[in-house]
Amino acid sequence: MDTQDLEQQLKKLIIETCNIPDAPADFPSDAPLIGPESPLDLDSLDAVEVVVAVQKAYGVRIGGEDSSREVLQSVQTLAEYITKS
Amino acid sequence: MTIEFIHRQSAHCESGVTANLLKHNGYSISEAMAFGIGGGLFFGYFPFIKINHLPLITFRGAPGSIFKKCASRLGVPVTSRQFRDPQRGMDALDASIAAGIPVGLQSGVYWLPYFPAALRFHFNAHNLVVYGREGDEYLISDPIIEKPVRCSSAVLERARYAKGALAPKGRMYSIGQVPGEIPLAAAIRAGIKEVATRMVKVPIPLIGVRGMRMLARHLQYWPDKFGDKQSIIHLGHLIRMQEEIGTGGGGFRFIYAAFLQEAAAVLELPRLEILAQEMTQIGDMWRRIALLGARRCKGRNSTDNTFPALAELMRECSLREEKLFRELLHVVKK
């Protein structure tokens, strides 16, 4: 799967997992994922949902010495992390 | 003056600073190893100590203890000082840098300008390394930030003298010369023994697996005791303490699993590899509590995320951890 497809898949997964009915149709992959500048308005509690959903869908655990703050910076960084894991 | 210092990012600030300072002095260990040798893992629930009106729940040992214990167990000399007078504290920092010694600083996160606004909160036990000064700016290796950063002297002084709980009071520390022979295996055993003893042997109901059970008992009745709004605030607080603040997730259980994995190779104890896997699974279970709790906080209620259901999961975590730490005590005693 190429990077763009993975990013689109992740956006869909995040929107479904965090239950965001009024999510924008699309948003930049490098936009902040968590925090006040997030286009999806995700907070740190949503981050837990994203981490678990990614582990379930892709078998990739975000944690330990891999800083989840860095991995969850944007959909782009998340896709890069999944690809290299 | 700039000291050549290699910046490595880490999940947790104190173990990251410890590993980075050791590496600078010629002894390379991972963040997980520094965390494990320093006896970083813990569980404590202190309902009578309030931080921002919420009970103190901690998954790690006291601030400063990982650095001190890790260095001491490896036989590495350390210097640690506090200064009542901020000017003296900043002068001592300058003197160390001029002498070519990178300095670890305890500081308040809230004042550090390079932290994204969303991550700034009043936490005074954050650790970073200062490795140089250019004009009015200090060069900083903050292990939870991706790249080295800078901070003005006035702001750094404010962060070093932040007021409130765990106030740093200008605390600075550094590492002396690393000895030729490092007692790594003995240090690992000592770190494991300390954590395992604290988790299962200390007869205080607030800490270790007993502390988890007490929290489970209390959590179950939070809605009755505090009402809906406050019980959700308490639950959100528990999740943040566990999954944020540099824990590496699962309340430091994933970092500890990485440490056990490395320890298995050093001590040539394959059983530790199995226990590392079990620790990871326990971390997943803590994360499940966080996941279900987060859904409740967001109003997505179901039968599996009621307060009694979350309390039951926490009891299961305590039982699995009790079994694991008892076996760890047995394995490292041999």
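## Basis of the model

Helices (H or I, at least four residues) and strands (E, at least two) are DSSP runs, numbered from the N terminus. The structure is a predicted model, in which local features need pLDDT of at least 70 and side-chain atom pairs count only at pLDDT 80 or more, while totals for chains, interfaces and linings use all residues. Residues are numbered from 1 along each chain as its sequence is written, chains are lettered from A and ligands numbered from 1 in the order in which they are written, and side-chain values use heavy atoms, with hydrogens and water left out.

## A kinked helix in chain B

Helix α8 of chain B covers residues 222-243, and although it has 22 residues, its end C-alpha atoms are only 20 Å apart, short of the 32 Å that a straight helix would reach at 1.5 Å a residue; the expected span is 1.5 Å times one less than the number of residues. A kink of about 105 degrees is centred on B:Asp228 in α8(B), the bend at a residue being the angle between axes fitted to the seven residues ending there and the seven starting there.

The buried residues of α8(B) include B:Trp222, B:Ser231, B:His234, B:Leu235 and B:Gly236, where buried means under 20% relative accessible area, exposed over 50% and partly exposed in between (1.4 Å probe, protein chains only). Their cover includes α2 (44-58) of chain A, together with β1 (41-51), β2 (54-60), α7 (208-220), α10 (271-297) and α11 (307-333) of chain B.

B:Tyr221 occupies the loop between α7 and α8 of chain B and is partly exposed, with a relative accessible area of 48%. Although B:Tyr221 and B:Ser231 are ten residues apart along the chain, their C-alpha atoms are separated by 8.9 Å.

B:Phe307, a residue of helix α11 of chain B, is buried at a relative accessible area of 5%. Leaving aside residues up to four places away in sequence, B:Phe307 touches B:Leu219, B:Gln220, B:Trp222, B:Pro223, B:Ser231, B:Ile232, B:Leu235 and B:Arg296, a contact meaning heavy atoms within 4.5 Å.

## The α9(B) and α10(B) pair

The axes of helix α9 (residues 253-267) of chain B and α10(B) come within 8 Å and cross at roughly 180 degrees; axes are lines fitted to C-alpha atoms, for helices over the stretch in contact, and angles run from 0 to 180 degrees between N-to-C directions. The two helices α9(B) and α10(B) are therefore roughly antiparallel to each other, a label for angles over 145 degrees. Among the residues in this contact are B:Arg253, B:Phe254, B:Tyr256, B:Ala257 and B:Leu260 of α9(B), and B:Leu272, B:Ala276, B:Met279 and B:Ile282 of α10(B). The contact residues divide into 13 nonpolar, three polar and four charged, with Ala, Val, Leu, Ile, Met, Phe, Trp, Tyr, Cys and Pro counted as nonpolar, Asp, Glu, Lys and Arg as charged, and the others, Gly among them, as polar.

B:Met279, placed in helix α10 of chain B, counts as buried at 0% relative accessibility. Apart from residues up to four places away in sequence, B:Met279 touches B:Arg253, B:Tyr256, B:Ala257, B:Leu260, B:Glu321, B:Leu324 and B:Phe325.

Helix α1 of chain B (residues 13-24) has twelve residues and reaches 16 Å from its first C-alpha to its last, close to the 16 Å expected at 1.5 Å a residue. Ten of the twelve residues of α1(B) are buried, so this helix is largely enclosed by the rest of the structure; the buried residues include B:Cys13, B:Glu14, B:Asn20 and B:Leu22. Just after α1(B), B:Gly26 takes a positive phi of about 95 degrees.

In helix α5 (residues 153-160) of chain B lies B:Leu156, which counts as buried at 0% relative accessibility. With residues up to four places away in sequence not counted, B:Leu156 touches B:Met90, B:Leu93, B:Leu105, B:Val130, B:Tyr138, B:Ile140 and B:Cys151.

## Positive phi in two loops

Most residues other than glycine have a negative phi. A:Asp41 has a positive phi near 60 degrees; this residue sits in the loop between α1 (3-17) and α2 of chain A and counts as exposed, at 59% relative accessibility. B:Phe252 also has a positive phi, near 70 degrees, and lies in the loop between α8 and α9 of chain B, but B:Phe252 counts as buried, at 2% relative accessibility.

Technical notes:
Parallel < 35°, antiparallel > 145°, perpendicular 65-115°, else oblique.
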